[in-house]
Amino acid sequence: MNKAYKYRIYPTKEQRTLLAKTFGCCRFVYNQALNWRVAAYRADGTSISYVDTAKAITQMKNNPDTAWLKEVDSVALQQALRNLDAAFKNFWNNKSTGFPKYKSKHRCRSSYTIPVTNHNVMVFDMAVRLPKLGYVKAEIHRAAPSDWKLKSATVSQDSDGRYYASILYEYEKAIRPVEVDPGKTLGLDYKSDGLYVDSNGDCAEMPHYYRKSQKQLAKAQRILSRRKGSIKREPKSHNWKKQHLKVNRIYTHVKNQRKDFLQKRSAEIANQYDLVAVEDLSLKEISARHKDRHQKLRLGKAANDNGYGMFVNMLTYKLADRGKWLVKVDKFYPSSQLCQCGYQNPITKDLSVRTITCPVCGRTYDRDINAAINLKKEGYRLYKSA
């Protein structure tokens, strides 16, 4: 099994300069290799392999015009080429992943990955040793067990200027699947204004961190729009860069608040229940859903502020780490339409109807809680039939 620990690092001024060069060189190598592969395919339909691109990059290092590639770690450049090769393989295996794209200096994440070879990466009590950088001060909040094996290190810089090192470990762990207790099963129905409603009738009451920060964010962005450099192709002034950093720090704070809430809530559920059933939703469709041709259900901001997809991912690996189960029920299963008596009520297709009275059994129920109960039953049935 693999697990990564992400540490915040505090590079010196010289180390920050070298990091910026490494980010730029990896981006340059990736784009250059992509350009070669596209040109070769358009010319005669041939495909250039990773080995061919690696040889070409080695020749570029001996060229005086591109000798600056020697300043950074060569292993990081090789990994950038491997990433491109993997992107092409993913594209040919599944066209829905999309054709590999060029990396932009302004829009893409600043990061590079170093595979561990010959102890080129090491973690100490208060520092991380990285190739070319040497010892970098780090906040080691969690130490890995001594029998875990270092696999790779990914160094990144967030938009707010902070640097991080994500250390990937490989370890062996025998996970024994638990026998699911029917009393420890839970169904979760997605709720746009509260993350989810569970089969016990409880709502997560997700704090809308982005909405709470909108006034502060709007003020910071208004100030940014008045700084020299806000117009397209206008040189960025020093004050524009400082204000832009303030805006990015607000976004990062909102992201960290949301992630902290989701981590705690997913861990709480994973500790209490043996099986969790969720609906296999397409969040992309939810965020752009239309009520009819002329009126939109404005769910995009709520869906993105919830972070439901991130929440499901957290639940998946936390339950798996404990030998427990996450069952995804097909999105076409009529969880909201079925009453507990088995009657499928067509009135529930109208999303504005939140409280429903069954014409067969006379039961009155909340549609979200009822959907969560149905997901719980269907999830347990799928588990038993597997």
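In these legends Lys and Arg count as positive and Asp and Glu as negative, whereas His and the chain ends are not counted, and the place of a charge is taken as NZ of Lys, CZ of Arg, CG of Asp or CD of Glu. The model is predicted, with local features needing pLDDT of at least 70 and side-chain atom pairs counting only at pLDDT 80 or more, while totals for chains, interfaces and linings use all residues. Residues are numbered from 1 along each chain as its sequence is written, and side-chain values use heavy atoms, with hydrogens and water left out.

**View 1. Charged side chains of the chain.** The chain carries 71 positive and 36 negative side chains, and 8 Å separates the centres of the two sets.

View 2. Ser-213 sits in the loop between α4 (209-212) and α5 (214-225), helices being DSSP runs of H or I with at least four residues, numbered from the N terminus. With a relative accessible area of 10%, Ser-213 is buried, a term that means under 20% relative accessible area with a 1.4 Å probe, protein chains only. Apart from its neighbours within four places in sequence, Ser-213 is in contact (heavy atoms within 4.5 Å) with Ile-250 and Val-254.

**View 3. The side chain of Ser-237.** Ser-237 is placed in the loop between α5 and α6 (238-272). A polar atom of the Ser-237 side chain lies 2.8 Å from the backbone oxygen of Lys-228, and a polar atom of that side chain lies 3.2 Å from the backbone nitrogen of Trp-240.

**View 4. Ser-237 and Cys-341.** These residues are 104 residues apart along the chain, and their C-alpha atoms are separated by 67 Å.

Key
Helix = DSSP H or I, 4+ residues; strand = E, 2+ residues; numbered from the N terminus. Buried < 20%, exposed > 50% of the residue type's maximum accessible area, 1.4 Å probe, protein only. Polar contact = N/O pair within 3.5 Å; in protein donor to acceptor, adjacent residues only side chain to side chain.
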